[in-house]
Amino acid sequence: MEVRDDEHWMRLALEEADLAAAKGEVPVGCAIVSASGVLLATGHNLRETDEDPTAHAEIVAIRAAAQKLGSWRLEDTTLYVTLEPCVMCAGAMVNARVGRLVYGADDPKAGACTTLFTIGQDTRLNHRFPVVKGVLAEASAERLRAFFAALRALGKK
């Protein structure tokens, strides 16, 4: 895919992040797209809403894409997410055989694809995927900064 395509789909992931923020969730959004450019699924964080520690944007979208395809194998797909995936989500991407990852902001505290770990490139695993980082990174990071600043202003973590 071309850079402009990556930016197009990342804008959709940013819209999902906005939906999360509107629910009081950490503003992370995700979109999964087929190699032919068909949107398969979107998702945003729902941990608080669903009281589910696994309801990260990527997991929500992976589940929806697999259901739409009728297969757990998401080969030939690109997963777009506004924040670098954590260990759980990167592991789910390996297990789902996601074809490619594009993300916005690095996650210095939990990033498992380039920052703290490189799960998607680890040759010890049975599946690997290329990673493109930094697509609309500032827009992604700004949503997170604003969300956590508002929480701090309310006296929450």
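Trainee: In which loop is Asp-76 found?

Mentor: Keep in mind that this is a predicted model, where local features need pLDDT of at least 70, side-chain atom pairs count only at pLDDT 80 or more, and totals for chains, interfaces and linings use all residues. Residues are numbered from 1 along each chain as its sequence is written, and side-chain values use heavy atoms, with hydrogens and water left out. Helices (H or I, at least four residues) and strands (E, at least two) are DSSP runs, numbered from the N terminus. On that numbering, Asp-76 sits in the loop between helix 3 and strand 3 (77–83).

Trainee: Does Asp-76 count as buried or exposed?

Mentor: Asp-76 is not a glycine, yet has a positive phi of about 60 degrees. For accessibility, buried means under 20% relative accessible area, exposed over 50%, and partly exposed in between (1.4 Å probe, protein chains only). Asp-76 has 60% relative accessibility, so it counts as exposed.

Trainee: What is the phi of Glu-51, which is not a glycine either?

Mentor: Good one to check on your screen! Glu-51 lies in the loop between helix 2 and helix 3, and is exposed because its relative accessible area is 73%. Its phi is positive, at about 50 degrees.

Trainee: How many salt bridges are there?

Mentor: Side chains of opposite charge can pair when their charged atoms come close. The rule asks for a side-chain nitrogen of Lys or Arg within 4 Å of a carboxyl oxygen of Asp or Glu. By this rule, the count is 6.

Trainee: How many residues apart are Asp-18 and Arg-143?

Mentor: These two form a salt bridge, with their closest N and O atoms 2.7 Å apart. The pair links distant parts of the chain, Asp-18 being in helix 1 (residues 3–22) and Arg-143 in helix 5 (residues 137–153). Asp-18 is partly exposed because its relative accessibility is 35%, and Arg-143 is too, at 26%.

Trainee: Is Asp-122 buried or exposed?

Mentor: Asp-122 and Arg-124 meet through their side chains in a salt bridge (2.6 Å, N to O). Arg-124 has a relative accessible area of 73% and is therefore exposed. Asp-122 has 18%, so it is buried.

Trainee: Which residues do salt bridges with shared partners join into one network?

Mentor: Begin with Glu-142 and Arg-145, whose closest N and O atoms are 3.2 Å apart in a salt bridge. Both lie in helix 5, 3 residues apart, which is about one turn of the helix. Shared partners make one network of Glu-138, Glu-142 and Arg-145.

Trainee: What volume does the largest pocket have?

Mentor: On a 1 Å grid over the protein atoms alone, a pocket is an open set of points where a 1.4 Å probe fits, with protein on both sides within 12 Å along at least five of seven lines, and lining residues have an atom within 4 Å of a point. The lining has 26 residues, with Val-26, Leu-83, Asp-107, Leu-144 and Phe-148 nearest the centre. Volume is the space filled by probe spheres set on the points, which are joined across faces, edges and corners. For the largest pocket, that is about 700 Å³.

Trainee: Which helix gives the largest share of the lining of the largest pocket?

Mentor: Helix 2 (47–50), helix 3 (57–69) and helix 5 each supply at least two lining residues. The largest share is 4 residues, and it comes from helix 5.
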